[in-house]
Amino acid sequence: MNIILLGPPGAGKGTQAQRLVERLGMRQLSTGDMLRAAVKAGTPVGLKAKAVMEAGELVSDEIVSALISDELAAMGDSTGAIFDGYPRTEAQAVSLDGILEQHGRKLDHVIELGVDEDALVERITGRYTCAKCGKGYHDKFERPAKEGVCDKCGSTEFKRRPDDNEETVRTRMAEYRAKTAPILPFYEQRGIVSRVDGMAEMDAVTAAIEAILKG
Ligand code: ADP
Ligand code: ADP
Ligand code: ZN
């Protein structure tokens, strides 16, 4: 099973991908996470991507498609892939078709998380993650059971993304509208797009996605 989670920044792609990984043993392929790791490690890709990400603009199609291709090559054939934050342009969607074919995989579902734009800024500005295991949290919508302690790994260190501020979020939303939303028809033609209400409670969103995957 190979699926794409599509939606604007803050729609819940990462949150839902983490849950599917835990419940279904699939693997999350997040180009955002891969790029942040590259920036942190100071690799050539990271050096190129840093300023672009800080501005909320899109990194080049070649860079992100190469990251995805490498990650899939390193993965076992039987593990399902959840593409989170990729593809984001039509060129990336075309590349993904080629990459999947190379690995004998096919795309089963494109799941669009629909969210009100007004809600996205609040979601993004309240977002943080565990510095050790990467589990996602929110100041208001998903607090750890014990304040200041990660539910999953017990770490007491958390981090916030430098691009999770209101100004950058506006740019990222504009990029989504201009370049990413237009790839939906590309997949609609194939009849593999499903829409889920991303404004619902997190558990309800997970249940809706699992229902789609079970067909
Ligand atoms: P994306 O990966 O699409 O950018 P995230 O999954 O990181 O979005 O979610 C953004 C923030 O909103 C996170 O802090 C997360 O805890 C919170 N969030 C995710 N889904 C929901 C939801 N259904 N209701 C309320 N808050 C949510
Ligand atoms: P979000 O979860 O809020 O949608 P991501 O973590 O997916 O954000 O992406 C963070 C930033 O990394 C983007 O604003 C962009 O600069 C870059 N990025 C991530 N994925 C891609 C991609 N597929 N194509 C181009 N740029 C990307
Ligand atoms: Zn943790």
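Trainee: Where is Pro87 placed?
Mentor: Pro87 is in the loop between strand E3 (81-84) and helix H5 (90-102). Helices (H or I, at least four residues) and strands (E, at least two) are DSSP runs, numbered from the N terminus. This is a predicted model: local features need pLDDT of at least 70, side-chain atom pairs count only at pLDDT 80 or more, and totals for chains, interfaces and linings use all residues. Residues are numbered from 1 along each chain as its sequence is written, chains are lettered from A and ligands numbered from 1 in the order written, and side-chain values use heavy atoms, with hydrogens and water left out.

Trainee: Which peptide bond joins Tyr86 and Pro87, cis or trans?
Mentor: A cis one, with omega at about -5 degrees.

Trainee: New topic. Which residues come nearest to ligand 1?
Mentor: Gly10, Gly14, Thr15, Arg127 and Tyr137, out of 18 residues around ligand 1. A residue counts as near if one of its heavy atoms lies within 4 Å.

Trainee: And what gives the most to that shell around ligand 1?
Mentor: Helix H1, with three residues. H1 (13-24) and strand E6 (136-138) each supply at least two.

Trainee: What lies 2.8 Å from an oxygen atom of ligand 1?
Mentor: A polar side-chain atom of Lys13. A polar backbone atom of Gly12 is 3.0 Å from a ligand 1 oxygen atom, and for Ala11 the backbone distance is 3.2 Å.

Trainee: How much of ligand 1 does the protein bury?
Mentor: 91% of the 560 Å² that ligand 1 exposes when taken alone. Accessible areas come from the Shrake-Rupley method with a 1.4 Å probe.

Notes: A polar contact is a pair of N or O atoms within 3.5 Å; within protein, one must be able to donate a hydrogen and the other to accept it, and residues adjacent in sequence count only if both atoms are side-chain atoms.
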